[in-house]
Amino acid sequence: MPVAVELKGVERKAGTFQLGPLDWTVPQGSVTALIGPNGAGKTTTLDLIMGMGSADRGNIDVLGMAMPREEAAIKALVGYVSPDLNYTPWGRVGRALDFVRGFYPDWDDARCERLMAEFGIGHGERISALSFGARIKLSLVMALCRDARLLVLDEPSTGLDVAARQILFREILDFVRREDRSVIISSHQLSDLERIADHVAILHRGQMMTMGTMDELVARYRQRDVRVTTGGSLPALAGVKILERDGDRYRAGGPPWRKR
């Protein structure tokens, strides 16, 4: 299977946080979810893929090119979204769009205008006055209106309303209709991406805990809400972990449970 992104033995230390060593392959033509709690290392991993910071050890290949040696060529083919992107210095939305447009010959003006209308953003709006969710929408417009080969989306649904999330997921699925395109999308909630992701990788405390197809992961692990009506507590079951408890109600996770 062709590969969009490959990490081999990648390590990065920042203060007391240690990422890796990571070995991770992102298949071409897929939507790959990078899942983990806040602080797991998702943003650090995606930043390294985008050349924002250098790995202490290991190799990163993106679209068949080495990062950071071929960083400029890679970024010309990648659309990137992050909550940390800041377009405020350009003042108004239209000026920011004009500035970014100049760097990308693959910019699609018609698609840009359609997405601006669907997300409800105006060219004349002051960026400093936009809500957090609206700033994410602006970043999404800039990534999605190009004919990129790879989308790297760091927590792109954060701050989005239901309608905007539906637009985002629709655009992602439309994007990967071409087999040479790929998407990496991070989230701290597996449920956000279960419907659209083909592959999943789970990070925890800087370590890759598991990876595989979404179907494989869902088959291996389930969460269920359970109510104990007989008094006492939920009995111990092999491989099942109590995640939350509220009175006689439990949220438990573990392998799929067989009916008895």
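The following questions and answers concern a predicted model.

Visitor: In what order do the strands of the open six-stranded sheet lie, and which are the edge strands?
Guide: The pairing in this open sheet is mixed, and its order is β6-β7-β8-β3-β9-β10. Neighbouring strands are turned against each other by 15 degrees on average, direction ignored. An edge strand pairs on one side only, and this holds for β6 (78-81) and β10 (207-213).

Visitor: Which strands does helix α1 lie across, and at about what angle does it run to β8?
Guide: Helix α1 comprises residues 42-49 and lies across β3, β6, β7, β8 and β9. α5 also packs on the sheet, where it touches β6 and β7, its direction making about 175 degrees with that of β6. For α1 relative to β8, the angle is about 150 degrees.

Visitor: What separation of its end C-alpha atoms should helix α6 show, and what does the model give?
Guide: Helix α6 has 14 residues, 162-175, and at 1.5 Å a residue it should span 20 Å. At its start, a side-chain oxygen of Asp161 comes to within 3.2 Å of the backbone nitrogen of Ala163.

Visitor: Which residues of α6 are buried, and what covers them?
Guide: The cover includes the strands β3 (31-35), β7 (150-154) and β8 (182-187). It also includes the helices α4 (109-119), α5 (132-144) and α7 (190-193). The buried residues themselves are Ala164, Ile167, Leu168, Phe169, Glu171, Ile172 and Phe175.

Visitor: How many residues apart in sequence are the parts tied together by the salt bridge of Asp56 with Arg12?
Guide: The closest N and O atoms of this pair are 3.9 Å apart. Asp56 is partly exposed at 43% relative accessible area, and Arg12 is likewise partly exposed at 27%. Because Asp56 lies in the loop between α1 and β4 (57-62) and Arg12 in strand β1 (residues 3-14), the parts tied together are 44 residues apart.

Visitor: What separates Asp98 and Arg101 along helix α3?
Guide: Their side chains meet in a salt bridge at 2.5 Å, N to O. Asp98 is partly exposed at 49% relative accessibility, as is Arg101 at 23%. Since the two are three residues apart in helix α3 (residues 93-101), their separation is about one helical turn.

Notes
Residues numbered from 1 in each chain as written. Predicted model: local features only at pLDDT ≥ 70, side-chain atom pairs only at ≥ 80, totals over all residues. Heavy atoms only, no water. Helix = DSSP H or I, 4+ residues; strand = E, 2+ residues; numbered from the N terminus. Expected span 1.5 Å × (residues − 1). Buried < 20%, exposed > 50% of the residue type's maximum accessible area, 1.4 Å probe, protein only. Contact = heavy atoms within 4.5 Å. Polar contact = N/O pair within 3.5 Å; in protein donor to acceptor, adjacent residues only side chain to side chain. Pairing = 2+ DSSP bridges. Axes fitted to C-alpha atoms, helices over the stretch in contact; angles between N-to-C directions. Salt bridge = Lys/Arg side-chain N within 4 Å of Asp/Glu carboxyl O.
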